[in-house]
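Let's go through a few labels and check each one against its cut-off. Have the model open as you read.

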Amino acid sequence: MIRVPGDKSITHRALILSAVATGRSRLRGLLSGEDCQSTASALRALGAGIPELPDDGSEIVVDGVGLAGLQTPASVLDCGNSGTTVRLLLGLLSGIRLEALLTGDKSLRARPMRRVTGPLGELGASFWESGAPDRLPVRVRGRKLRSARYRSPVASAQVKSALLLAGLTGGAEVTVVEPTRSRDHTERMLRRMGAAVREAVTKEGWEVSLGPPPVELEPLDLRVPGDFSSAAFLVAFALLGGVRTALKIPNVGLNPTRTGLLDVLESMGARIEVESLREADDPRGESAGDLVVSPSELRGTSVSGHQIPLLIDEVPVLAAVAARADGVTEIRDAEELRYKESDRIRALAENLAGIGVQATELPDGLRIVGGEGALGGEVHARHDHRIAMAFGVLGALRGNRISLDDRAVTDVSFPGFWGLLSDLRHGSGAVTDR
């Protein structure tokens, strides 16, 4: 039995919302990875009392400063490599009367920001780009915002969350309409803290509304479950024969807006059982349970449309599984992957081809022909933790010889990943540093 670190998406949101709550929040199971450290550091610079994040997930206490209590920072807010940090903070800070300049590392400065600042501008938010157009650094000057209804062309939890956070601090009622439902951690947490958040299916798509915004947020008492996206790599390793018998992974977050990968894997023939499911029907909580995974004979499949938002972060590990499945796997409608830590569509296609897998890059996805032959070659992680871990899984399987140029990047979301993988594998296969 093994354990995975706390959910990254929930950790970001718990830190941000407890910082602007009124009262004392108690948080357990937080992820201490580099992305979440970036969020904690930025909140401290804004005047929030965020303790150091413990590696063991033990409890921390956050005394919230209230919805208007954050202050203009003394220096630039460095969001590191974390797109979630910068995009959620751009939303949160656009409704608070302060001024801040946000930036990040080289990789984050190459990622587009207008996909968030543009929608926020419809609420009256003010931004100035200090460098290249549509890129960090971006300066935000907070103000009271106006109510708005925004129809998003893509299902994006980051865009939706940024708008909800802006409405929260800017005193505006906000409605976001997505073509399909994206992950709903922000909505669940806001309801838990006393905000009026409504969700509904309409003829336009999936509609989420905030408002009227509360005067204050109630503090959180929260245990963060294990990160499903991190667990997915170990699930894949077990399915592909990396373990002799069933692998049990306890306390994994099973929010239905995050677990689309399970449905796809089961359609491919995966043997996965869920035990001890809890909080499954609580719209204010987060479902969690234990995954029991057995080695399986897998076949190719097709993934597209409404499935994609429910597994967008798991496409790299799905691609790794597809490389070992019997037949063809096609992934479509996933253009959003081009705007992650790397262009994940291109990174996957080129790296798969580089180790001997027949893979075709499509405008909005991938076509992968699976097989059983030994794989070998060099993999470029491109500063992307999920690319590194996906090929780490393939490299650890019997008979494969794959070298990876950057193993340390996995600390962004899964500290200790390589040690866990080493403990699990049979002593064959290798993932090496070049």
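Q: Why is Arg-258 called buried?
A: Arg-258 has a relative accessible area of 2%, and buried means under 20%, with exposed over 50% and partly exposed in between (1.4 Å probe, protein chains only). So Arg-258 counts as buried. This is a predicted model, where local features need pLDDT of at least 70, side-chain atom pairs count only at pLDDT 80 or more, and totals for chains, interfaces and linings use all residues. Residues are numbered from 1 along each chain as its sequence is written, and side-chain values use heavy atoms, leaving out hydrogens and water.

Q: What makes Asp-227 and Arg-258 a salt bridge?
A: The term asks for a side-chain nitrogen of Lys or Arg within 4 Å of a carboxyl oxygen of Asp or Glu. Here the N to O distance is 3.2 Å, so the pair qualifies. Asp-227 is buried as well, at 2%.

Q: What does the pair of Asp-227 and Arg-258 tie together?
A: Asp-227 lies in the loop between strand E11 (221-223) and H8, and Arg-258 in the loop between strand E12 (247-253) and helix H9 (260-267), so parts 31 residues apart in sequence are tied together. Helices (H or I, at least four residues) and strands (E, at least two) are DSSP runs, numbered from the N terminus.

Q: Is Glu-187 buried or exposed?
A: Buried, because its relative accessibility is 0%. Its salt-bridge partner is Lys-160, at 2.7 Å, N to O. Lys-160 is buried too, at 1%.
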